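Here is a short report on one protein chain. Look over the sequence and the structure first, then read on.

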Amino acid sequence: MSLQAIGDTIAIMTPFLLAATGGLFSSLAGMLNIALEGLMLNSAFFSVVFTVATGNLFLGVLAGVAATLLLTAVFGGIALGLRANIFICGLATNLLAAALSIVLSFKIYGQTGSVTFPGMPTLEPLVIPGISSIPVLGELLSGHNLLTYLSWVLLGAAYLVIYRLPFGMRLRAVGQDPEASRALGINVRGMHIAALLISGFACALGGASLTLTLGAFVPNVTSGRGWIALVIIYLGNRTPLGILIGSLVFGFVEYLSNLLQTTSSIPAGLLLAMPFFATVLALILYAVLESRLARRRAPLGAGAPAAKAGADAAQEPAEGPPEGSPER
Amino acid sequence: MNRNRQLGLASFLTVLAAILASFAIAVALIFVFSKNPGQTLYYYFLGPFLSRYALFNMLESSVPLMFTGLGIALAFNSGVTNLGGEGQIFSGALVAVVVGIAVPAAPRALGVLAILAGGTLAGGLLAGFSGVLRRRWNVSELLTTYLLSSGVVYVINYLILGPLRNPQKMTIESVSIPAWFMLARLAPPSFLHSGLLLALAAAGAVYFLVYRTHLGYELRASGSNRQFARYGGINVGQYFVLPLLLSGGLTGLGGAVQVVGRYQSCFTDLTAGLGWNGIAVALIARNNPLAVVPAALLYAYLSAGAKAAMINSDVTFELAAIIQAVIFYLITAEAAMAFFRRRLNG
């Protein structure tokens with residue numbers, strides 16, 4: 001594999017990394033936030049609209065973030081405030097973001113399909129003076145756009161916040177046992193709101209990184225990346241390092257899919273399906289590996305129950321709708 | 001009023017409140033987005049009732065919603081999640097086409113039966129596979145149903161654009177099944193077809209299965225409390241696979257009925273969000289298979305209104321999706337439930 005391939009993979013993984021970093025906070029707080037997809041899409045739309053309107057990328061990103069925080073507030077307000085099922089509210093958010101972008105696009109540009117803006121400023125690669133001169137590393141780590149750098153900073157910040165700050169301790173406590181946390185005087189509702197807003201913020205940056213490099217808005221431009229980010233969080237064992245590795249893997253899958261579209265005779269339509277099947281495959285491999293490990297760790301004769309326990313722990317983030325609402 | 005009655009009534013009032021709130025938001029949005037709100041409102045709310053043709057077409061569009069709603073309600077009743085409706089409908093429709101063109105000389109009844117069975121099997125296997133993954137390796141079916149469905153949608157789109165494309169048509173669609181396999185039209189010139197009767201029968205059958213059989217009892221027991229069901233001696237493992245198999249089968253059947261009742265072929269936007277709308281229909285019906293019928297009708301009305309408004313006025317169809325999102329948001333609100341229960345207690 002060439003350096004170029006790794007460099008491209010690092011660029012492609014940005015939206016995955018940002019969405020997964022955001023989703024990590026809501027996941028650690030004990031909420032299944034399946035709205036990552038919609039939150040990203042919302043910002044992907046609004047950041048383009050405002051970049052075109054103002055001619056300024058910074059204002060565009062800012063507007064994308066603001067619009068997405070607003071949507072997160074609606075989502076969180078209904079899920080937490082009205083005690084609605086957070087999973088169903090997440091679906092509603094995805095539906096709303098997709099529909100809103102098309103309705104507004106029709107209102108503003110008179111079009112419901114893709115809209116391209118030839119003169120629009122786009123996110124350009126930045127060369128970092130110090131790093132770019134280092135032989136191998138320079139080629140990999142320099143020459144990305146600002147949001148890619150920001151995604152690394154955010155991941156580092158997430159690590160510090162989650163493991164080194166009282167906020168992170170409280171966040172994880174709330175996720176593990178809301179009742180005990182409440183008894184300890186932690187504001188559980190407040191932590192849930194904070195976690196959702198953080199995930200909204202990070203998803204907004206992720207969405208902006210998709211369309212601001214493209215210079216266009218394409219309906220459903222996120223195309224499942226928010227869902228894959230959920231899988232990345234789960235496969236990454238809900239740790240920042242795991243998320244980084246997961247994002248690299250899925251960034252590489254997308255890179256491969258892009259590469260094969262231009263270099264192979266496999267029809268492009270089929271390659272679009274690849275990331276989804278690769279994700280399922282990764283889920284299966286992870287589960288098989290985990291059950292193997294659990295069996296090996298267990299003392300002789302106690303294999304089955306130990307494997308079961310491991311599987312149960314792995315299942316934890318997936319809360320179905322009927323019992324749903326992990327809050328309370 | 002006994003407790004169960006009261007719970008049911010509070011639940012019904014919550015659904016009603018969510019629907020009324022969504023209507024209010026629809027009116028507000030139309031005032032924002034339409035230059036001629038009076039006309040848009042007229043078509044949005046009355047469009048589906050303005051002619052026999054419109055009314056019967058609305059009934060027709062409720063048919064696939066009944067199948068997907070039933071599929072999702074069955075899954076929810078059993079405590080599993082099926083987010084792959086889109087892919088299951090689509091694969092049901094595609095396999096229906098493939099079976100239809102494979103047995104062109106079959107007797108009509110047999111051919112139709114084979115087509116419907118093929119669609120059911122396709123959707124069922126797709127969802128059932130997620131059930132196997134959940135049972136065998138505890139991989140969340142919530143994620144795999146969605147992911148597999150999304151992948152399959154791309155594959156089927158490829159097949160329609162490529163190998164199965166009908167070269168004689170201007171529009172992009174698959175080859176057509178023989179016309180004599182098509183279900184009877186109930187009220188021509190509208191599209192309403194006898195698939196409606198099949199959907200009603202399916203609602204009755206699913207209700208019977210869930211509430212009147214031992215299997216249904218075990219499904220619901222596993223759905224409401226899996227641990228407890230296990231202690232009660234129920235083999236809960238199989239109740240990951242079976243409900244998903246049945247759920248996907250119903251959605252797949254819905255896809256096949258779209259082909260054999262309405263379209264005669266498969267095309268790229270055939271699903272049109274039906275998989276997601278099925279979830280909303282199931283939630284409005286509070287997962288009761290019989291209530292799925294009126295819930296599907298309500299949902300069909302919302303979509304038909306948006307279509308009428310789109311054709312006769314200046315709004316896009318996606319307006320309906322925003323309004324549907326509002327229902328989604330509010331339908332499970334427990335705060336509303338609690339409010340109505342307090343009120344009923346006086």
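## Fold of chain B

Helices here are DSSP runs of H or I with at least four residues, and strands are runs of E with at least two; both are numbered from the N terminus. The model is predicted.

By that count, chain B has 14 helices and zero strands. Read from the N terminus, its elements run α-α-α-α-α-α-α-α-α-α-α-α-α-α.

## Overall shape

How does the radius of gyration of chain B fit a compact globule? A compact globule with 346 residues would have a value near 20 Å, and chain B has 21 Å, so the two agree. The C-alpha trace of chain B spans about 65 × 60 × 35 Å along its principal axes.

## Inside and outside

Of the 346 residues in chain B, 58% are buried. Take the contacts in chain B with a separation of 6 or more: 77% of them join residues 24 or more positions apart.

## A nonpolar surface patch

Which residues form a nonpolar patch on the surface? They are B:Y42, B:L46, B:F49, B:L50 and B:L55. Together they have about 450 Å² of accessible area.

Consider B:L50, one of these residues. B:L50 sits in the loop between helix 2 (37–46) and helix 3 (52–77) of chain B. Is B:L50 buried or partly exposed? Its relative accessible area is 43%, so B:L50 counts as partly exposed, a class that lies between the 20% and 50% cut-offs.

Definitions and conventions
Residues are numbered from 1 along each chain as its sequence is written. Chains are lettered from A and ligands numbered from 1 in the order in which they are written. This is a predicted model: local features need pLDDT of at least 70, side-chain atom pairs count only at pLDDT 80 or more; totals for chains, interfaces and linings use all residues. Side-chain values use heavy atoms; hydrogens and water are left out. Patches are made of residues with over 30% relative accessible area and no salt bridge: like charges are joined within 9 Å, nonpolar side chains (Val, Leu, Ile, Met, Phe, Trp, Tyr) within 5 Å. Accessible areas come from the Shrake-Rupley method with a 1.4 Å probe; for residues, only the protein chains shown count as cover. A salt bridge is a side-chain nitrogen of Lys or Arg within 4 Å of a carboxyl oxygen of Asp or Glu. Buried means under 20% relative accessible area, exposed over 50%, partly exposed in between (1.4 Å probe, protein chains only). The radius of gyration is taken over C-alpha atoms; the globule rule is 2.2 Å times the number of residues to the power 0.38. Contact means heavy atoms within 4.5 Å.
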